[in-house]
Every structure is written in structure tokens, then in C-alpha cells.
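Please walk through this structure with me. We begin at the ligand and then visit a few residues in loops.

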Amino acid sequence: MLECIFCKIIAKEIPTEFVYEDDRAVAFLDIHPTNPGHLLVVPKSHVADFLAVSVEDLAACMKILQKIARVLPQAYNTPDFNIMQNNGVGAGQIVPHLHWHLIPRYPADPLRIYPHEKNYDETVAEFRTKIKQILA
Ligand code: AMP
Ligand code: ZN
């Protein structure tokens, strides 16, 4: 993908702070970190989103996320983190090349990713019924 910024990063065409690379995926620091150490794990093959990724690339990305998450206490003095994957414009995905955010967290930091503030027309039991019916 010629115009994809993450493909350019993977091709080493853009200066990037890489922390890890294997044959299927890379990890590099986010240029606009939410917290110190905020990084991205990205499959080398261009796929737009979570639904398009192969299980092999998915596994490779999960392996790297876990490997880096395990060293966060040493690197950033915290065992806590969020793994986020924004899927689609409505979910806040800006770069249309699949990636996971690994964001170190601290007890006093101001991030609130799941506010739990809304009321919905459907109940949780209704959500369950609908999804189970569709999956069956
Ligand atoms: P998303 O909203 O999930 O698509 O997030 C895209 C992320 O990519 C944002 O957090 C950006 O700060 C980050 N980003 C965009 N361009 C670069 C770049 N050249 N190097 C590192 N991170 C980038
Ligand atoms: Zn790409």
C-alpha cells in the first residue's frame, strides 16, 4: 500500500522509534503518546482491520504485545496497561492499517477509557439474546 503511513514505517521510509521486529510484525512508539511508553504493534502485511487479519499475523501481534507488556514494570515502573484496537472510523481508527495500542497505566493518571455512563434501550440480557441468536 503506497500511501499507507504504517506500510511506510514498516518499509523504514519514515524515521520511527522501533522497539521490536520479527518476520510478521513490528512494535514502535506512538508519535503522540497518551502516556509514557505508549506503543503500537502492527502486522507487516497491510490489512485494514481486525476482521481482515490472518490468524498467523494475529498470533504474532499478540505474542509481541505480551512480550512487551511483561517488561513494562522494568521499563516504565508500572505493571498496569491497556491494550486497545480501534476498529473502524466510528471506533476512532485514524490509520487504516490494523494496529494495537499498548498503553502503560498509572493509578493516578486521568485516562478513562470505559466511562460506563450511558443508559441504553436494550438490557444486557437482550444484548446477550441477540448476539447468541446471530452466532448460533
Ligand atoms: P488509531 O486512532 O487507532 O488509528 O491510532 C493511530 C495512532 O498512530 C495514533 O495514536 C497516532 O499518534 C499514531 N501515529 C500516526 N502516525 C505515526 C507515526 N508516523 N509514528 C508513530 N505513530 C504514529
Ligand atoms: Zn499499510
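The largest share of the shell around ligand 1 comes from α1, which gives three residues. Helices (H or I, at least four residues) and strands (E, at least two) are DSSP runs, numbered from the N terminus.

This is a predicted model, in which local features need pLDDT of at least 70, side-chain atom pairs count only at pLDDT 80 or more, and totals for chains, interfaces and linings use all residues. Residues are numbered from 1 along each chain as its sequence is written, chains are lettered from A and ligands numbered from 1 in the order in which they are written, and side-chain values use heavy atoms, with hydrogens and water left out.

What kinds of residues make up the shell around ligand 1? Nine are nonpolar, six are polar and one is charged. Here Ala, Val, Leu, Ile, Met, Phe, Trp, Tyr, Cys and Pro count as nonpolar, Asp, Glu, Lys and Arg as charged, and the others, Gly among them, as polar.

Of the 16 residues around ligand 1, five come nearest: Asp30, Gly92, Ile94, His99 and His101. Near means that a heavy atom of the residue lies within 4 Å of the molecule. Now look at the oxygen atoms of ligand 1. One is 2.5 Å from an N or O atom in the side chain of Asp30. A backbone N or O atom of Gly92 is 2.7 Å from an oxygen atom of the ligand. For Ile94, a polar backbone atom lies 2.6 Å from a ligand oxygen. The protein buries 86% of the 510 Å² that ligand 1 exposes when taken alone. Such areas come from the Shrake-Rupley method with a 1.4 Å probe.

Next, turn to His38. This residue sits in the loop between β2 and β3 (39-43). Is His38 buried or exposed? His38 is buried, at 3% relative accessible area. Buried means under 20%, exposed over 50%, and partly exposed in between (1.4 Å probe, protein chains only). A polar atom of the His38 side chain lies 2.9 Å from the backbone nitrogen of Thr34. The side chains of His38 and His101 are joined by a polar contact of 2.9 Å. A polar contact is a pair of N or O atoms within 3.5 Å; within protein, one must be able to donate a hydrogen and the other to accept it, and residues adjacent in sequence count only if both atoms are side-chain atoms.

Finally, find Lys12 in the loop between α1 and β1 (18-21). Lys12 is not a glycine, yet its phi is positive, about 60°. Lys12 is partly exposed, at 45% relative accessible area.
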